[in-house]
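Take a look at the fold below.

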Amino acid sequence: ELGHSSTDASGLLCACGNRGCLETKVGGQALLSHVTALHGDDLTLGRLAELARSGDPGCVRIVSDAAQDIVTGLANVVAVLTPQRFILGGELAGAGSALLDPVSRGMQRMASPRSWRGSVALAELGGQAIVRGAARFAFGGSAHVFSL
């Protein structure tokens, strides 16, 4: 799982036993922990995404910062697999352009130009994105779907 690839060897301990996994930086609990002081303990990841999409400055910043960590993980995948497209799914994808724009810009900046000429898109299937992406891959498709 991409979420359990380490991006910081001295980072936080992850539930998988590794340190600095992408999940410890951009997983739902990690992101929500940064904004509970602004929006309360009952804030959900879906609501954080909605607030970012509507321009809430704190939530936009959290999503933008998360995008940079996501780019680090995706750029590593590009170096190994050279996919043509990433489709970002999951609740955080509900942030829309607040997530897509910094990820797209970051991929142009960080991924190797020899390996990356692809694109990044947001899943349009909501909660079905991961299941349908896995099915497509199983039947010979080449889309890689990462839930955030």
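## A helix pair and its chain

In this predicted model, helix α4 (residues 57–81) packs on helix α5 (residues 97–110) at an angle of about 40°. Their axes lie 8 Å apart. The crossing of the two helices, α4 and α5, is right-handed.

Which residues make the contact between α4 and α5? From α4 come V63, S64, A67, Q68, I70, V71, T72, L74, A75 and V78. From α5 come A98, L99, P102, V103, G106, M107, R109 and M110. By class, the contact residues of α4 with α5 split into 13 nonpolar, 4 polar and 1 charged.

Now the whole chain. How many helices and strands does the protein chain have? There are 6 helices and 3 strands. Along the sequence they follow the pattern α-α-α-α-β-α-β-α-β. The radius of gyration is 15 Å, close to the 15 Å that the globule rule gives for 148 residues, so the chain is as compact as a globular protein of that length.

Some overall values for the protein chain:

| Property | Value |
|---|---|
| Span of the C-alpha trace along its principal axes | about 45 × 35 × 30 Å |
| Residues that count as buried, of 148 residues | 42% |
| Share of contacts with a separation of 6 or more that join residues 24 or more positions apart | 53% |

Conventions: Residues numbered from 1 in each chain as written. Predicted model: local features only at pLDDT ≥ 70, side-chain atom pairs only at ≥ 80, totals over all residues. Heavy atoms only, no water. Axes fitted to C-alpha atoms, helices over the stretch in contact; angles between N-to-C directions. Helix = DSSP H or I, 4+ residues; strand = E, 2+ residues; numbered from the N terminus. Left-handed = near helix turned anticlockwise from the far one by under 90°. Contact = heavy atoms within 4.5 Å. Nonpolar A, V, L, I, M, F, W, Y, C, P; charged D, E, K, R; others polar. Rg over C-alpha atoms; globule rule 2.2 N^0.38 Å. Buried < 20%, exposed > 50% of the residue type's maximum accessible area, 1.4 Å probe, protein only.
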